[in-house]
Amino acid sequence: MQIKRSSVIALLAAAVLAGVQSISFAASPVDDVNVFIGTGGHGHTYPGATVPFGFVQLSPDTRREGWDGCSGYHYTDSTILGFSHTHLSGTGCGDLGDILLLPLTGDLQSAAGYKPLDCERFKSEFSHDKETASPGVYSVRLDRYGIQADLTATAHAGLHRYTFPKDQAGHVLLDLVHGIGNHVTAGTVTADSDHRLSGSRTTRGWNANRTTYFVIEMSRPFKQVAYEVDDKAATPDGKTAKGKAVRAVLDFDTAADGASLLIRVGLSGTSVEQAAKNLETEMPVADFDAVQSAARQLWENHLSRLTIQSPDPVQRRTFYSALYHTMVAPTLYNDADGTYRGNDGQVHSNPGFANYSTLSLWDTFRAEHPLLTLVSPERVDDFVKSTLVFYEQSKEHALPMWPLAGFETHCMIGYHAVPVIYDAYAKGFRDFDANLALQAMQDTALKSPNAPKEYDQRGYVTARPGKHDQAAARTLEYSYDDWCIARMAESLGKSDVAEHFDRRALNFGNIFDSDIGFFRGRTPDGKWFEPLDPKAINFENYTEANAWQYAFFVPHDVPTMMKLYGGPEAFVRKLDECFDQESDMPNGLVDVSGLMGMYSQGNEPCHHVPYLYALAGAQDKTARRVHQIMRMQYDDTPQGLSGNDDCGQMSAWYVWSAMGLYPVNPADGRYIIGSPAVPSATLKLDSKYAKGQTFTVNAHNLSNQNIYIKSAKLNGKALDRPWVTHEEVTGGGTLDLEMSMLPTRLWAKRAHPPQVTVDTSKFPDMKAFGENVQKTADEWYPKLIALMRPNDPSVTNEVRITMEDKDGVAWAQNDRITMTLKWFRTHPDDLGAAVHELTHIVQEYPDGAPGWFVEGFADYTRWFIYEPKDKRPHPDPKKATYKDSYRTSAAFLNWIVENYGQATLLKVDADCRRGAYKEENWATYTGKPISQLGNEWKQSLQPVAK
C-alpha cells in the first residue's frame with residue numbers, strides 16, 4: 001500500500017506524542033535553536049537528532065573516552081568515528097553510544113593481513129563548515145569518503161540517509177564494540193534478510209549491566225555481510241554472529257548510481273521483537289523528509305510553550321537553545337507500547353504510564369523539574385510514577401538517586417526524587433499513589449544505604465579525615481529533602497511523620513560553626529573537622545565544592561539561615577563576600593567552573609545563591625548578580641555554557657532567569673523575581689493543569705543598563721514582594737516590571753510572606769475550630785509582624801499550629817504553636833489565645849528578656865489590640881504591680897502606650913530581641929525609671945467595683 005507523506009508525518013507525530021496540537025511554523029523558535037551550544041568547553045552536550053525526551057539520540061561520535069567526551073562529541077575534534085543512537089546530554093560521566101554505524105567507501109582490508117574493523121581505523125575528517133543541525137536533524141559531510149550523512153529520529157528510532165559518491169563501492173560498518181565510557185560484554189548480530197539486521201549489545205559502564213536491542217532496515221539490499229568477533233574475521237553459526245566484541249560490514253552496490261541509502265534503526269531495552277515493533281509503529285517507511293518534518297513539528301510544539309520577544313538574535317538563540325536542552329532529558333526508557341525493563345531486571349508490560357530514566361536528580365531537582373511542571377505538565381505524573389516503580393522494584397527499596405537505563409548508578413548525594421515528587425503533589429498533580437509516595441520517601445530516608453543511620457541518630461553525617469564522606473553537604477541536602485517529606489506527610493494528614501521529619505529538617509543547624517561562619521563537618525567524636533580551608537575543595541565535607549559553595553544551602557528555611565549569619569544585613573555582607581573575593585582555590589576541580597569570586601555557576605550547589613539577596617531585603621543585588629551571570633556565563637557559541645549542562649539544569653537556570661524568575665526552594669511553589677534578560681516572556685498554559693491561558697512577564701524599559709526593578713504589578717495591582725507563586729502563574733495574567741538604571745531598596749524590601757498552617761487532622765471534630773484559627777492567624781500574624789518587626793526580612797516565615805491531647809492551654813516554641821484539645825474543645829471561641837502565641841513567635845527573644853514583659857506584651861496584643869472591646873477590668877490598685885500577671889502587665893503596657901506612645905513599647909520590644917534589655921532603657925525612652933512608671937500607673941487605676 002502506498003502511504004502518502006502527509007499521512008506519514010501525522011502518524012509519526014502521533015506515535016511520539018499523542019494528542020498534542022501542532023503549531024504553525026511561522027516565526028518558529030526551532031529556527032533560533034543552536035544545538036551546538038555546550039558542545040565545546042565543558043558543556044558536554046551533543047548536536048545530534050532527537051525528539052523531546054526521546055529514547056533515541058542519534059548523534060555523531062568524535063571521541064569515546066575522557067571527561068570532555070561524556071556525550072561522545074566535542075566541538076574541537078576534527079574526525080568522526082560514526083553515528084551511534086544513544087547519548088547523554090551534559091553529564092559529568094560517560095556512557096551509552098550504542099549501535100554505531102559508519103558509511104565507508106574503498107577497500108577495508110589489505111593484502112598484508114587482517115585488521116580489526118574498529119571504527120577508530122575508519123574515522124573520517126569533517127569540517128564544521130559542512131556540518132549543520134537543528135532540533136530533530138543533523139547533517140555532515142565525511143570528507144575522507146565524500147559521503148553526505150543526514151540523521152533524524154523519532155522517540156524510539158533513528159533514520160540515516162547516506163549519499164555515496166558515484167563510481168565507488170559503498171559499505172556500512174556496524175560496530176557493537178564502540179561505546180562511550182563503557183566496555184562491551186556481549187554482542188549479537190543476525191542477518192534476517194538482505195535488507196535487515198537485528199541483535200543486541202550488552203555493556204558494563206556507569207550503568208553496571210545494560211542491554212540494548214536493535215533492528216536495522218535498509219532501503220536497498222546489501223550484497224554481502226562480513227562478520228568479526230573478538231577482532232577476528234568470523235563465520236557465523238547460521239546467520240548470527242555472537243561474542244564479546246562483534247562487528248559487521250555491509251557491502252552495497254552504490255558505484256553505479258551513487259544513490260542515497262536510507263537506514264531505519266529501531267531500539268528497545270526489552271527485546272529484538274519490541275525493537276521491530278517500535279520501528280514499525282513510529283517509522284513504517286524510510287521517508288527522511290517526513291520523519292524530519294515530524295520531529296520539527298514536535299520541537300516547535302514544545303518550544304512554543306514558552307516564547308520570548310527580543311530584538312537580539314544572540315539572546316533568542318541563547319534562550320531557545322537553553323529551553324531545548326531542558327527537554328532532551330529525562331528520557332523515555334520504554335517501548336512504543338509502554339513495555340519497559342524495570343530495576344528488577346524484569347520486563348513489565350501494559351504499565352499504564354510512560355517510564356522515564358536518565359534522571360540526573362541531584363542536578364535537575366533544583367530548576368529543571370520545577371520548569372517542567374509548567375512547560376511539560378503532561379509528563380510530570382509519569383516522572384513521579386517512574387520513581388515509584390523504581391522504588392517498588394529496587395532491591396534497596398529506595399527511590400532512585402541517578403538512574404540510567406532503568407538501573408541505579410548511585411551517583412551524587414541526597415534523595416532528591418523526594419522534592420520532585422512533593423513539588424508535583426503540592427502543585428496539584430494527582431495521577432499517582434500519594435500514600436505510596438510518602439512511604440517511599442520514608443523508606444529512602446530511614447532505611448536505604450544512601451541515608452546512614454548516624455544521620456538520624458546524631459543529626460548530622462560525620463566527616464573522617466581522608467574519607468569522601470561529603471558530610472556537611474549530605475547533612476544539608478538531607479535536611480532539605482526531609483523538609484519535603486514533612487510537607488508531604490502534612491499534606492496527607494500524617495502529623496507524627498511530619499513532626500519527625502520537621503525535626504530532621506533543622507539538622508543543618510548542627511553543622512554551622514558560628515566561629516568561622518560556615519557549615520562544616522563534625523568528626524565521630526562531635527568535634528569540628530580540622531583543618532578547614534573555606535576555599536579548598538574538600539570531599540570529607542563537601543560534594544564537588546568548598547565551604548563557600550555550600551555556605552547557603554538551606555533553601556527550605558532561609559530566615560533561620562540568615563539568623564545563623566547574624567541577621568539580614570550580615571547575611572547580605574556574607575553573600576557579597578562570596579561574590580567579591582578572588583577566585584583563587586588551592587586545589588581546583590573541573591566541575592567547579594564559572595567562578596565569580598567563590599560563586600560557581602558551572603556547578604549546581606550555587607545556582608540559587610544570587611536569588612537569596614532578594615529574600616534578605618536586597619532584591620537589587622539579586623538583579624545585579626543575575627544580570628552579570630547571564631551576560632558572562634551564557635552565550636550562543638559552542639562554549640556558551642560555563643560547566644556541564646547536567647541533563648538540562650544549567651540551561652534551566654538560564655530559562656528561568658531570562659524570564660525573570662527562579663525557584664530558590666524548588667518545592668515551595670514560589671518563584672523569586674530577579675532581573676529579566678528579555679523584554680517579554682510568555683508561558684502558554686495547558687488548560688488541563690492551569691486555570692489561565694497564558695502568563696506573561698513584561699520588563700518595561702529594559703536595557704543592558706536598566707536592569708533594576710523600580711516597581712512591579714501583578715495583573716494590574718501593585719506587587720511589593722519579590723516573588724510570585726505557582727498558583728499566580730498558572731492562574732494566568734501578567735507580571736509587569738518597571739526597569740531602572742538605578743538600584744533601589746524601596747521595592748520588595750519585605751521579602752517573606754507570613755504563612756501559618758493549622759493542623760487539627762488528629763481530631764476531626766475540631767475541623768471547624770481549626771478553620772477559625774486559620775482565619776484568625778492569616779489576618780493577625782501579618783498585623784503583628786507589621787506592628788513589631790516591619791521591614792525585617794528575617795522574621796519567622798512559616799508558623800505551624802497543631803493540636804495535641806495534653807494539659808494546659810497553648811504554648812509557642814520556635815516556629816511551632818501547640819493548642820490543647822482539652823481546653824479548646826470546651827472553649828472553641830478562645831481565638832485570642834492564638835494571637836497571644838503568635839506574638840511570642842514574632843517576639844523571638846533570646847534568653848534575658850524579663851518574663852513579665854514577654855507575657856505582658858503578648859497579652860497586650862490580645863486584649864488591647866485584637867479584642868479591644870473585651871478588655872478585662874483594671875487590676876485592684878491595692879494589690880497590682882506591673883509584674884503581677886499577664887493581664888496586669890498588659891494593662892500597664894497599654895498605659896505606657898496611652899501616655900508615652902506605642903514607639904516606646906516597640907523600642908523595648910526591639911531591645912529584648914537584640915538581647916539588650918535593661919531597666920535603665922525605660923528612663924532613656926520616657927525620662928522616668930521603670931519603678932516610677934509603675935507607681936504612676938498604679939495611682940491611675942480606679943478601685944475595682946464590688
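Helices here are DSSP runs of H or I with at least four residues, strands are runs of E with at least two, and both are numbered from the N terminus. What you're looking at is a predicted model, so local features need pLDDT of at least 70, side-chain atom pairs count only at pLDDT 80 or more, and totals for chains, interfaces and linings use all residues. Residues are numbered from 1 along each chain as its sequence is written, and side-chain values use heavy atoms, with hydrogens and water left out.

**Helix α5 and Thr318**

Let's start with Thr318, which sits in helix α5. Is Thr318 buried or exposed? With a relative accessibility of 7%, Thr318 counts as buried. (Buried means under 20% relative accessible area, exposed means over 50%, and partly exposed is in between, using a 1.4 Å probe and protein chains only.) Leaving aside residues up to four places away in sequence, Thr318 touches Ile37, Tyr634, Asp635, Asp636 and Tyr654. A contact here means heavy atoms within 4.5 Å.

The helix itself covers residues 313-325, which is 13 residues. From first C-alpha to last, α5 reaches 18 Å, close to the 18 Å expected at 1.5 Å a residue. That expected span is 1.5 Å times one less than the number of residues.

For two strands to count as paired, DSSP must find at least two bridges between them.

Another open sheet has 3 strands, ordered β30-β31-β36, with antiparallel pairing. β30 (661-662) and β36 (723-725) each have a single partner strand, so one side of each is left without a neighbour in the sheet. β30 and β31 (residues 670-673) pair over 2 bridges, and the partner of Tyr662 in β31 is Ile672.

**Salt bridges**

Side chains of opposite charge can pair when their charged atoms come close. A salt bridge is counted when a side-chain nitrogen of Lys or Arg lies within 4 Å of a carboxyl oxygen of Asp or Glu. How many salt bridges does the structure hold? There are 53 salt bridges, and here are a few of them:

| Pair | N to O distance |
|---|---|
| Asp192 and Arg196 | 3.0 Å |
| Asp580 and Arg625 | 2.9 Å |
| Arg862 and Glu867 | 3.2 Å |

Asp580 is exposed at 52% relative accessibility, while Arg625 is buried at 4%. As for the other pairs, Asp192 is partly exposed at 34%, Arg196 is partly exposed at 22%, and both Arg862 and Glu867 are buried.

Some salt bridges join into a network, which links Arg487, Glu490, Asp502, Arg800 and Arg816.
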